[in-house]
Amino acid sequence: DLTAESCLQLPVAVLQDLFVVGRASLCVRDEDEVCDTLEAVMPHLDDHDQTRLWAVCRFAALSQAKQAKLLSIPNVPHDIFLRSIVMSASPRNANQMDSDAPPVTDYTVV
């Protein structure tokens, strides 16, 4: 199960891989569920690790209500949020929003 408790047992680099490469095996309902888990994990991480994990969230695939909520949270990196939205609108990513593949990005947070 995808829970904050199970995620906190893993190093951040493993979580990044899980949310990007292993997304299909997570058995999540939608991106809002991934985001809920990320939100629960974030208070336990430092700023650098929070930024690394927010980078794996497909913000453009979130519900409008979840997007609005995240935009009101100061520690959510809005530049990553906005890049995800812009990248999802590009023609090369148009078909990926409905797939299990991670979005194509031209940036990496390390």
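Q: Why does Ile85 count as partly exposed?
A: Its relative accessibility is 28%, so Ile85 falls in the partly exposed class. Buried means under 20% relative accessible area, exposed over 50%, and partly exposed in between (1.4 Å probe, protein chains only).

Q: What kind of model is this?
A: This is a predicted model, where local features need pLDDT of at least 70, side-chain atom pairs count only at pLDDT 80 or more, and totals for chains, interfaces and linings use all residues. Residues are numbered from 1 along each chain as its sequence is written, and side-chain values use heavy atoms, with hydrogens and water left out.

Q: Ok, where is Ile85 found?
A: In helix H6. Helices (H or I, at least four residues) and strands (E, at least two) are DSSP runs, numbered from the N terminus.

Q: And what does Ile85 touch?
A: Leaving aside residues up to four places away in sequence, Ile85 touches Phe59, Ala60 and Gln67. Contact means heavy atoms within 4.5 Å.

Q: Switching to H4. Which of its residues are buried?
A: Helix H4 covers residues 47-54, and its buried residues are Asp49, Gln50, Arg52, Leu53 and Trp54.

Q: What covers them?
A: The cover includes helices H2 (12-20), H3 (31-41), H5 (64-71) and H6 (78-89).
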